[in-house]
Amino acid sequence: MHDKMRSIKTKFWKDDFISELDPHTKLLYLYLMTNNNTNLAGIYELSIREIMFDTGLNSKQTTNSLIKLQGAGKVVQAGGWVRLVNFQKNQKLNDSMKKCVDNILKTIPENITKQLFSNNRV
């Protein structure tokens, strides 16, 4: 797998939502934006086991943090897939990158796509 570049704005740490999170949830959210599985669409497969291995969080910490992020509308999970709700909105995509996002979206199983975008989640 080749190295990917993901930029995180320095104001991330000053964001009101982030500043209110506990350390485990901050770590998890940052991890979800920067792990090896992430892509330009912000939708990818990722297991709880992999999260725990990479972050050092235990099962309870991981689960509780995911629940907080989902409750806040930042993350959606379905069938071993993760969707970062505002990921694309925070990317500067050129036309080539937009085509890449379209291609990524085509590879996601239809039932997973429906779950990740259900309830009018944007």
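In the predicted model described here, helix α2 has 12 residues that, at 1.5 Å a residue, should span 16 Å, and its end C-alpha atoms lie 17 Å apart, which agrees; the expected span is taken as 1.5 Å times one less than the number of residues. Helices (H or I, at least four residues) and strands (E, at least two) are DSSP runs, numbered from the N terminus. Because the model is predicted, local features need pLDDT of at least 70 and side-chain atom pairs count only at pLDDT 80 or more, whereas totals for chains, interfaces and linings use all residues. Residues are numbered from 1 along each chain as its sequence is written, and side-chain values use heavy atoms, with hydrogens and water left out.

The buried residues of α2 are Thr 25, Leu 28, Tyr 29, Tyr 31, Leu 32 and Met 33, where buried means under 20% relative accessible area, exposed over 50%, and partly exposed in between (1.4 Å probe, protein chains only). These buried residues pack against α1, β1 (43-45), α3 (48-55), α4, β2 (75-78) and β3 (81-84), contact being defined as heavy atoms within 4.5 Å.

Glu 110 and Lys 114 both lie in helix α6 (residues 110-116), 4 residues apart, about one turn of the helix, and both are exposed.

A nonpolar core is a set of buried Ala, Val, Leu, Ile, Met, Phe, Trp, Tyr and Cys residues joined through side-chain atoms within 4.5 Å. Of the 18 residues in the largest such core, Leu 28, Leu 32 and Leu 84 touch the most other members. At least two residues of this core are supplied by each of α2, α4 and β3, and the largest share, 5 residues, comes from α2. Apart from this core lies another, of 8 residues, among them Ile 43, Val 76, Val 85 and Ile 112.

The aromatic pairs number 3, rings of Phe, Tyr and Trp (its six-membered ring) being paired if their centres lie within 6.5 Å, with planes under 30 degrees apart counted as stacked, over 60 as edge-to-face and the rest as tilted. The rings of Phe 12 and Trp 13 have centres 4.8 Å apart and planes at 85°, so the pair is edge-to-face. Phe 17 and Tyr 29 form another edge-to-face pair, 6.1 Å centre to centre with 80° between the planes. Because Phe 17 lies in helix α1 and Tyr 29 in helix α2, this pair ties together parts that are 12 residues apart in sequence. Ring pairs link Phe 12, Trp 13, Phe 17 and Tyr 29 into a cluster.
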